[in-house]
Structure formats: C-alpha cells, structure tokens
Amino acid sequence: MIVILTDDMGYSDIGCFGSEIKTPNIDRLAANGLRFTSFYNTARCSPTRASLLTGLYPHQAGMGHLSTENYTEEGYKGDLSKNAVTMAEVFKKAGYATYMTGKWHIAKDMKPSGDKSNWPLQRGFQRYFGTLNGSGSYYDPGTLISNNTFVAPYRDFYYTRAISDTTVKFIQEHPKQQPFFFYVAYTAAHWPLHAPENDVKKYKGVYDKGWDVMREQRFNKLKKLGIISDKCVLTDRGVDVPAWKDEPIKDWQVKRMEVYAAMVDIMDEGIGKIITALEKKGELENTVIFYMHDNGGCAEPVETDKPAKPLTEAQKVLKPMPQDAIFLDKKPEYTRDGRFVQSGRGVMPGDANSWSTYGEEWANVSNTPFRSYKQYTHEGGIASPLIVHWPKGIAAKGQLRKQPSHLIDIMATCLAITGLEYPKQFNGNEMQALEGKSLVPAFINKPVARDFIFWEHSANRAIRIGDWKLVSKTGKQKTFGDADENKWELYDLKNDPSERINLVTTYPEKAKEMAQKWETEAIRTKTKPWPWKPSK
C-alpha cells in the first residue's frame with residue numbers, strides 16, 4: 001500500500017489530467033488504473049495531511065488551520081489529536097512495516113529538544129526521512145530529519161530526488177514476506193521555485209505563448225480526455241491577472257512556469273523509480289498505489305508582487321555555511337555556498353539563491369478549468385486528481401470514476417481492502433468515529449454511499465450534497481464578520497462544474513437547507529467554535 005501526496009499542485013498539472021508537463025510515470029499509473037475526477041482535498045497542506053492520515057475531517061484531528069498556529073479551540077490546536085489514529089498506527093499494530101518520506105507538517109513542536117510525540121515515528125512510522133515544517137529550499141530544506149535525528153543535506157542535494165531515492169531504498173530493504181504501508185509526501189511543486197537548470201531546459205519555449213493559450217490548451221485536452229463534461233465552461237482569467245499580451249516582463253513569467261514544470265517532471269521521474277523498484281521485487285501488481293494533491297494551485301505572491309531590490313554591499317559578501325550544519329528555519333538567508341537568497345519581481349527562479357512562487361498568473365493555469373486557489377473552498381482550491389493503481393485488485397484499466405470523494409476516504413478504502421478494523425480505542429485514548437467512506441464500490445463503478453462532503457478553511461466554507469454545492473468565501477482570510485454569515489453561493493455541479501452560475505436566489509430553500517446542514521456539521525466536527533469570530 002503506497003499513498004503518494006504532492007504539494008500545491010492544481011487539478012490539471014499532470015498529463016493524464018490535461019497538462020503539457022511530461023508525467024509519463026503518473027500517466028502510466030492512470031492508464032493501468034482508475035482516475036477519480038470528483039475527488040477533493042481540504043484546501044491547505046496541514047489540514048489535508050491530518051485528514052488523509054486519520055480519515056477524519058481536519059478539525060476533528062486538531063488541524064483546522066496550520067501546525068504553526070496557537071489557537072486554543074479544540075479543532076484548531078495545530079497539533080495532531082491523540083483522539084485520532086493514523087493509518088500508520090493501524091497498519092503497524094496489524095504487523096505491517098510502515099514507512100514515510102517527505103513533508104510532515106502536522107506537529108506543533110519541531111525543536112530538537114522539544115516534544116516529539118507527534119513526529120512520524122511516534123505516530124506509527126517505523127522509518128522516516130523528510131522535513132517537519134511546511135516549506136523550504138529544495139537545496140537546503142530546514143527541519144530535515146532521519147527518523148528522529150536532524151541531519152544536514154549532502155552535497156548536490158535536491159529534496160524531491162532525495163525523497164524518491166530514499167523511498168526506493170526503503171522498498172529495496174523491505175523484507176518481501178511482510179506487507180507494508182508507505183506514505184510518500186512530496187513537497188513538489190510548493191514554492192520556492194527550485195530546479196536544476198538541466199531539468200528546466202526541457203521546457204524552454206513551452207510557455208512562450210503565455211497563460212491565456214495554455215489555459216485554453218489544457219481546457220480542450222481535459223474535454224478530449226473526458227475528465228470534464230461538455231457542460232463545463234472555462235472560467236474567466238483571474239481578476240488580478242493581465243492578458244498575456246499586456247504582461248510587461250514575459251521572460252521572467254515564462255521562466256517561472258518552466259521551473260514549476262521541471263519540479264513536477266522531477267517528481268514524476270522519482271515516481272518512475274518507485275514503480276521500477278516495486279517491479280524488481282515482483283510487488284507492483286499487488287501493491288495498491290494512490291496518487292493525489294494536497295490543495296489547488298497556489299496564488300500566494302511570496303514577494304514576487306514587489307520589485308526586486310539590488311544586493312547591498314554587505315549582501316554581496318559570500319557567507320558560506322558548513323556542509324554539516326543543521327538548518328531549522330524555512331527560508332535560508334544565504335545558500336550553503338554563501339550567496340544571498342533574493343526575492344522579488346524579476347528575480348529569475350531555479351537556483352538556490354532565488355526564492356519565488358509562480359503567482360496567481362500560473363496558478364490560474366494549474367487550476368484549469370476552475371476558479372479560485374489554495375486556501376479557498378471553491379473548486380480551484382479543493383479539486384484534486386485521484387489515481388488508484390492496483391492491477392491484481394481492479395480489473396478496469398484507464399477508466400474514469402465520477403463518484404464524489406474526499407481524502408477522508410483513503411483510510412476507509414485501505415481498511416476495506418486489507419480487512420483491518422478501525423479501532424475504537426488506541427494507546428488508551430478514545431478514537432473518534434471514522435468519517436470516510438470506502439471507495440472500493442467505485443472500483444467496479446458502483447455508487448459510494450455518502451450524504452455530504454464538508455469543508456472549512458480560514459472561514460471559507462462549503463458543503464456538497466449530491467451534485468449541489470454551497471460555498472462561501474470570506475471577505476478577509478481568518479476573519480468572519482456578520483456580513484459573511486449569509487454570503488453563500490449555490491451551484492449545480494452537474495450542469496455547472498466550474499461554478500459560474502450562482503443559483504442561491506433561484507433556489508433559496510435549497511441554500512437554506514444546505515446552510516443549516518453545514519452549521520450542524522461544523523459543530524459536530526469541531527469546526528465551531530472557531531477562532532475566526534469572537535463569541536458573543
């Protein structure tokens with residue numbers, strides 16, 4: 001059993017979901033497995049990781065926002081709840097070997113001398129290599145650990161390749177007679193935009209036509225693949241995104257997307273190595289592999305909305321760091337070889353001395369055909385590909401599944417496949433009831449029995465019941481005023497999958513009924529009381 005989760009990638013960022021980025025290995029999994037086209041995450045990294053590992057809504061797992069927050073409300077403590085059991089804990093107790101590589105981001109304490117009770121090894125994994133925090137340099141990531149020990153990156157280190165190579169190493173060293181559960185959590189393609197130039201060169205010229213043409217190309221490919229219906233309409237360009245013809249610094253914009261594409265390409269290359277390692281052990285056919293994204297494309301500017309500043313005389317002085325020095329922060333001030341790390345509009349990305357994102361301009365492409373982005377509960381923030389590859393267990397090959405599903409379903413599906421039971425108690429603590437539904441019926445294209453899917457992040461709300469979706473975007477992130485209370489939008493996703501026609505005034509009773517259901521579930525799932533609105 002292998003669960004692969006990627007970071008800050010949009011719905012159409014892989015080849016088999018419409019992208020021009022070369023992802024032959026992910027596409028191979030899809031061609032020999034199933035693609036779920038109505039699969040959802042939670043709109044943000046920490047909540048998604050908590051929800052995926054526990055089969056609960058993120059607030060129930062204590063992760064209503066980020067692991068770096070200090071809220072007191074039970075659903076927002078930012079530390080993985082002890083009243084939630086992880087897949088690794090369940091599988092380890094059942095005799096499985098449990099491995100993890102990559103990004104954790106669900107433990108509040110990340111200090112060497114701090115509380116390690118919510119680190120990977122203490123939450124069920126027997127071997128771990130990765131980072132505890134949410135973002136960092138791909139050449140020099142902070143909080144890099146092996147098992148419980150902080151380590152420094154080796155020479156010519158690149159994090160995505162290190163995740164892939166360590167995953168292969170763990171698979172090679174795994175005793176063949178023992179079943180295993182493996183969680184591979186890539187940071188690709190989360191900012192900063194870092195990739196070796198040899199990899200970036202593969203995409204030279206691909207994005208010269210700009211985002212308007214690329215969105216149209218992806219939209220057409222999505223329709224050709226059957227992933228979106230003929231009723232789907234391409235959403236408008238982001239309101240803060242100019243037409244490509246009006247973009248003043250096209251060379252910088254093109255380079256941003258070239259580097260982003262290279263980051264995804266390198267990850268796909270690593271997934272190919274994992275597939276090969278399983279093949280060599282004769283285990284590919286009977287290993288269930290899940291692939292998904294943690295949220296939609298990220299529109300955060302990360303200083304790229306500000307002009308780059310020239311280096312000061314002091315910043316021009318090299319300040320190298322010892323190769324064995326341990327780095328615990330997110331953004332290094334200087335590279336290991338001593339160069340100052342620059343940010344700002346016009347700073348060319350890719351190298352270790354740059355720090356930028358691809359912005360709303362290209363996030364709008366990543367989320368084709370949807371609108372909105374990471375952090376929001378419109379489709380662009382929460383829609384994700386799901387690929388399930390299991391040749392011995394799934395007869396269908398290369399087919400699509402349209403059943404609405406969510407990453408809370410992954411644990412339930414894994415338990416259904418293996419016959420393991422979800423515990424009522426674990427380590428002396430009472431467990432909350434599993435929220436997810438098994439997707440096994442969908443493997444043979446039967447319905448998945450569910451009443452609703454629920455979301456909240458930073459006071460952005462949504463609930464889906466059948467093909468109806470009620471959604472709300474707060475006026476300001478992490479706030480909730482009286483004006484937000486009834487600011488609902490209602491969409492018929494069957495006939496309007498890209499959320500263009502708001503039906504809230506056409507069907508007021510439907511909207512009211514769904515809003516009441518959202519409120520009930522918000523209280524039940526520990527979403528309320530929330531820190532976004534003072535209690536009266």
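**Close-up 1. Helix H4 and the elements that cover its buried residues.** In this predicted model, helix H4 takes in residues 159–173, and its 15 residues reach 21 Å from the first C-alpha to the last, close to the 21 Å expected at 1.5 Å a residue. The buried residues of H4 include Tyr159, Thr160, Ala162, Ile163, Thr167 and Phe170. Among the elements that cover the buried residues of H4 are strand S1 (2–6), strand S3 (97–103), strand S7 (180–185) and helix H7 (250–280).

**Close-up 2. The open sheet of strands S14, S15, S16 and S17.** Four strands form an open sheet in the order S14-S15-S16-S17, and their pairing is antiparallel. Strand S14 (453–457) and strand S17 (489–492) stand at the edges with a single partner strand each, so one side of each has no neighbour in the sheet. From one strand to the next, the twist averages 15°. S14 and strand S15 (residues 460–465) run antiparallel and are joined by five bridges, and Glu456 stands opposite Arg461 in S15.

**Close-up 3. Helix H13 against the sheet.** Helix H13, made of residues 508–524, lies across S14, S15, strand S16 (468–472) and S17, and runs at about 110° to S15.

Close-up 4. The structure holds zero disulfides. For Cys232, which is in no disulfide, the nearest cysteine sulfur is that of Cys16, 17 Å away; Cys232 counts as buried because its relative accessible area is 1%, under the 20% cut-off. Cys414 is likewise in no disulfide, with the sulfur of Cys16 as the nearest cysteine sulfur at 20 Å, and Cys414 is buried at 0% relative accessibility.

Definitions and conventions. Residues are numbered from 1 along each chain as its sequence is written. This is a predicted model: local features need pLDDT of at least 70, side-chain atom pairs count only at pLDDT 80 or more; totals for chains, interfaces and linings use all residues. Side-chain values use heavy atoms; hydrogens and water are left out. Two strands pair if DSSP finds at least two bridges between them. Helices (H or I, at least four residues) and strands (E, at least two) are DSSP runs, numbered from the N terminus. Axes are lines fitted to C-alpha atoms, for helices over the stretch in contact, and angles run from 0 to 180 degrees between N-to-C directions. Contact means heavy atoms within 4.5 Å. The expected span of a helix is 1.5 Å times one less than its number of residues. Buried means under 20% relative accessible area, exposed over 50%, partly exposed in between (1.4 Å probe, protein chains only). A disulfide is a pair of cysteine sulfur atoms within 2.5 Å.
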